[in-house]
Amino acid sequence: MTVETTELSLPSRIETVAVAAAAVAEFVSRARISEDAAFGIDMAVREAVTNAVLHGNKKDESKFVDITLKSLPDAVEISVHDQGPGFNPSDVPDPTAEENILKTSGRGIFFMRSFMDEVDWLIRPQGGTTVRMLKRR
Amino acid sequence: MAELNIAERQAGDVTVLDMSGKITIGEGSVALRTAIRRLLEESKKRILLNLAGVGYIDSSGIGELVSSYTAINKDGGQLKLLNLTQKLQDLLTITKLLTVFDVYESEVEALNSFK
């Protein structure tokens, strides 16, 4: 099976989340994965792009969110890159801890980790943060 | 077509919002927030969200449900949920919010629970 790759570069605005989700839905339909896996990927991509737009690029439309989609023989890999300063994922509070359950935000990374098989972050020395997410077939 | 459609009806002193579409960051979340704020301004504090037609919700939408719940409680009202799709029920389960919200599968039971 050949590796299919799609790359997108989108401006940092809220509408980008839906644009990215539509592109990913089309990509996923070609990747022939289960409906459940497709739902999880959609969810994780929306959260990753939302984080990139809001927290990474802080809705600065001169900054872009770069998305790379790869259909690998045994998995689908998605990378979302922003131009922000980065953060430490272990500093993000657990939204299911009793004191956080009624918080109105802070569940995005939890959903990404819940729905994908692997999620990791790379703070790039030249600037920007990349979150790489893998969903096995 | 709007991302989230909300139709309001009255069942006794309970306001039912029949919702269909997506509650996601941007338009969907804002539509829910606007509807709840308006009801509270009109002193309609017993609110049942019929989510049968909501096929998709993201973390922003979940946050908006929590925000609605706390705003209504703070105002002395009650917010209950009706007809969750399996996906939404799964999301509320993993976020432990299913233990917070009062959830019903029958509208009659939901309406009776306000009494």
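Reply: The model is predicted, with local features needing pLDDT of at least 70 and side-chain atom pairs counting only at pLDDT 80 or more, while totals for chains, interfaces and linings use all residues. Residues are numbered from 1 along each chain as its sequence is written, and chains are lettered from A, with ligands numbered from 1, in the order in which they are written.

Where does Ile57(B) belong? Ile57(B) is in the largest nonpolar core, which has 31 residues, and is one of those that touch the most other members, along with Ile47(B), Leu48(B), Leu49(B), Leu51(B) and Leu88(B). Such a core is a set of buried Ala, Val, Leu, Ile, Met, Phe, Trp, Tyr and Cys residues joined through C-beta atoms within 7 Å. Buried means 20 or more other C-beta atoms within 10 Å (exposed is 12 or fewer, partly exposed in between). The elements of chain B that give two or more residues to this core are strand 2 (14-23), helix 1 (27-41), strand 3 (46-57), helix 2, strand 4 (78-82) and helix 3 (86-94); helices (H or I, at least four residues) and strands (E, at least two) are DSSP runs numbered from the N terminus. Strand 3 of chain B gives the most, with seven residues. Apart from this core there is a second one of 29 residues, which includes Ala52(A), Leu69(A), Met116(A) and Ile25(B).

The strands of chain B come next. Five of them form an open sheet in the order 1-2-3-4-5, and the pairing is mixed; strands pair if DSSP finds at least two bridges between them. At the edges are strand 1 (4-11) and strand 5 (102-104) of chain B, each pairing on one side only. From one strand to the next the twist averages 25°. Eight bridges join strand 1 and strand 2 of chain B in the antiparallel sense, and Gln10(B) stands opposite Thr15(B) in strand 2 of chain B.

Helix 1 of chain B packs on this sheet and touches strand 1, strand 2 and strand 3 of chain B, with its direction at about 170° to that of strand 2 of chain B. Angles run from 0 to 180 degrees between N-to-C directions of lines fitted to C-alpha atoms, for helices over the stretch in contact. Helix 2 of chain B lies across strand 2, strand 3 and strand 4 of chain B, at about 140° to strand 4 of chain B.

Helix 2 of chain B covers residues 59-74 and has 16 residues. Its first and last C-alpha atoms are 22 Å apart, close to the 22 Å expected at 1.5 Å a residue, where the residue count is taken less one. Just after helix 2 of chain B, Gly76(B) takes a positive phi of about 80°.

Last, the other chain: 17 residues of chain A are in contact with 17 residues of chain B. On the side of chain A that touches chain B, helix 2 (35-56) and helix 3 (108-115) of chain A each supply at least two residues. Helix 2 of chain A gives the most to that side, with five residues.

Technical notes: Two residues are in contact if their C-beta atoms, placed from the backbone, lie within 7 Å.
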